[in-house]
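Biologist: I would like to learn how to read the packing of helices in a model. Could we go through one case together?

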Amino acid sequence: MSAPDGPVGTERSLGQLVSTATSEMSALVHDEIALAKAQLRQDVKRGAIGGAAFIAAVTVLIFSLPMLSFALAYGIRTWSGWNMAICFVLSFAANVLVAGLLALIGVIFAKKAKKGRGPQKAAASAKETAAVLGNVKPHPRAVSPVGAVVDRVGEKAPAVARSSS
């Protein structure tokens, strides 16, 4: 807890309270902006991973087709005794299947990046904070000249020194 700005037992002035509220509001806005930036970075990272998975799928398909196709086709021929054309078509289908799995991984990561909505969450939180602060009404108590607090029905209550925490 922090101590009041003045000596113990005194209350802060309206100017000090407004100054404190303004600085705390400014800190809140800065924190919400930092949160939006962090969430945006996370969404961009997910999108980059998805893009990298697509690039990996294309790279694997291109570089693996010649060697893998020949090896797989000759292996199928040895195992089954089928025609070489059918063996090459089967080896190509296996390569397409591997590339399809890598593309599926890319789609999953791209959907996660699109679904993230990090900045939208932070913007909604900022709007909610502004709406709450816009509906704030002054406390119904008035301060009497001697320092005692008078509530709504006119009874005196003891003054309490408050500190900002």
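Biologist: At roughly what angle do the axes of helix α1 and helix α2 cross?

Modeller: This is a predicted model, in which local features need pLDDT of at least 70, side-chain atom pairs count only at pLDDT 80 or more, and totals for chains, interfaces and linings use all residues. Residues are numbered from 1 along each chain as its sequence is written, and side-chain values use heavy atoms, with hydrogens and water left out. Two packed helices are described by the angle between their axes and the distance between the axes. Here the axes of α1 (residues 14-80) and α2 (residues 84-115) cross at roughly 170° and come within 8 Å, which makes α1 roughly antiparallel to α2 (angle over 145 degrees). Axes are lines fitted to C-alpha atoms, for helices over the stretch in contact, with angles from 0 to 180 degrees between N-to-C directions; helices are DSSP runs of H or I with at least four residues.

Biologist: How do the residues of the contact of α1 with α2 divide?

Modeller: They divide into 30 nonpolar, 7 polar and 4 charged, where Asp, Glu, Lys and Arg count as charged, and Gly is among the polar ones.

Biologist: With which residues is Arg46 in contact, leaving aside its neighbours within four places in sequence?

Modeller: Arg46, which lies in helix α1, is in contact (heavy atoms within 4.5 Å) with Phe109, Lys112, Ala113 and Gly116. Arg46 and Lys112 are 66 residues apart in sequence, yet their C-alpha atoms are 6.9 Å apart in space.

Conventions
Helix = DSSP H or I, 4+ residues; strand = E, 2+ residues; numbered from the N terminus. Parallel < 35°, antiparallel > 145°, perpendicular 65-115°, else oblique.
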